[in-house]
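Please have the sequence and the model open while reading.

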Amino acid sequence: MHRFANPARFLRLAAAIQPWTAGATLILLGLGLYFGLVDSPADYQQGESVRIMYVHVPSAWLAMAAYSTMAAASGVGIIWKHPLADLVAKAASPVGAAFTFVCLVTGSLWGKPMWGTWWAWDARLTSMLILFFLYLGHMALLNAFDDPTRGAKAAGILALAGFVNIPIIKFSVDWWNTLHQPASVSRVGMPAIDPAMLLPLMLMGLAFTTFFVTILLMRVRSEILAVKVRAIRLTQIHSVPGSATGELVGESLR
Amino acid sequence: MSRLAEIVRRDLRLALRQGSDSVMVVTFFVLTVVLFPFGLGPEANLLERTSAGVLWVTALLASMLSLDRLFLADYEDGSLELLALTPTALELLVIGKVAAHWLTTGLPLIVAAPVLAVLLHMNADGFGTLLFTMLLGTPTLSLVGAMGAALVLGARRGGVLLSLLVLPLYIPVLIFGVGAIDAAVQGLPARGLLLLLGGMLMAALPLAPWAAAAALRQALE
């Protein structure tokens, strides 16, 4: 793992991977949208609005996956003081917050015709809303300190503490018998969903995942560059004009 | 154990001598609850139905009110660094401080709650459960809040930030606390909900001081 702690090596690797994940996102998203919007049956109960599911469910998955990524990266950052892990956590939280927001909005749009209400204080919905607030708190804490490393450490502890919410979201539909329908894909044995609907759902899920990876790589790369810029600025401020700033920059980046 | 008692005694003595956080917290609690009959109207049925929620939400806000002082005063005058240098584990220090915080804010809230419940026309069947949920819930609030208070040490706008960090984590306590009271008022068994509240306390008791100590350590670096 520490092999990738070197920012230069990570930058090279990320630059090599990113076109592939970006291309995969485009292809999968195109296929998923085609199968989801055109070549899949309408539900016998929900009608055409079942198609909202192809955006809603993947964004819910990714909202939780992004939080797990963030918590895992924070854990790595705290335990091994891995320099890139903090940047990964920082890069993941706005993306996860966006996925959570999309999930809440699409769920609300679907809920109005189906449940007859935009919002219900159901266990799954409430725990998802808490997840959104946790993301907001994480972002706020990251930027609350003058010293960015201090913010990263504090936010890391918060990310780990907030992780208790993830299993609650996952199992909320099993523990509380409320409005939101229980899991239909990740069931033991056969998924309780028609294969014609499962195909676009899976394609969209994969597309969202590759999209997340692409955005995450982009954001981590720009974070590394931002750290570099900051270090250069600092050395420029502290150094006498004309001294060898280049060496100092290299030193501060290790 | 004697060290833990020493920390609790120190914080209690400070709280008693430096003026009364507890009085302020209870006053806030009473005043905010009294606002509700004015806001909702004095209709007894409505107040009775909302009483559990109103009491719990205001108690939660009141206990959050004094949280930012939990470590801040010691952090600013440097005594937190001295405390961290003593052989006492930082986790133990956190537990001691949380215990003192609960004794000065949580306990007065519990004492004030039944009086306010009478003012809100709460059904008498709910009184026992109200006390019991508060007794199980407020220590959890103090424990989780201590983690938030430790995280925002030295941050800009620490007080507002603290509420953003801590309130989402308070929601489960609120849900089960109010749920248990409502169940008791309606004559349903509240045991399961009370057990969940107890379980949350048991989970927060080891985990929150651990996280708070980690946050304090990086604040003192």
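## The cavity lining

The residues lining the largest cavity divide into four nonpolar, three polar and two charged, where Asp, Glu, Lys and Arg count as charged, Ala, Val, Leu, Ile, Met, Phe, Trp, Tyr, Cys and Pro as nonpolar, and the others, Gly among them, as polar. Among the lining residues are A:Asp86, A:Lys90, A:His138 and A:Gly156, and α3 (83-114), α4 (123-142) and α5 (148-162) of chain A each give two or more residues. The volume of this cavity is about 50 Å³; a cavity is a set of points on a 1 Å grid over the protein atoms alone where a 1.4 Å probe fits but cannot get out, and lining residues have an atom within 4 Å of a point.

## Basis of the values

This is a predicted model, in which local features need pLDDT of at least 70 and side-chain atom pairs count only at pLDDT 80 or more, while totals for chains, interfaces and linings use all residues. Residues are numbered from 1 along each chain as its sequence is written, chains are lettered from A and ligands numbered from 1 in the order in which they are written, and side-chain values use heavy atoms, leaving out hydrogens and water.

## A salt-bridge network in chain B

B:Asp11 meets B:Lys97 in a salt bridge at 2.8 Å, N to O (a side-chain nitrogen of Lys or Arg within 4 Å of a carboxyl oxygen of Asp or Glu). Bridges that share partners join B:Arg10, B:Asp11, B:Asp74 and B:Lys97 into one network. B:Lys97 is buried at 2% relative accessibility, buried meaning under 20%, exposed over 50% and partly exposed in between (1.4 Å probe, protein chains only).

Definitions and conventions: 1 Å grid on protein atoms, 1.4 Å probe; cavity = no way out; pocket = protein on both sides within 12 Å on 5 of 7 lines; lining within 4 Å. Points joined across faces, edges and corners; volume = space filled by probe spheres on them. Helix = DSSP H or I, 4+ residues; strand = E, 2+ residues; numbered from the N terminus.
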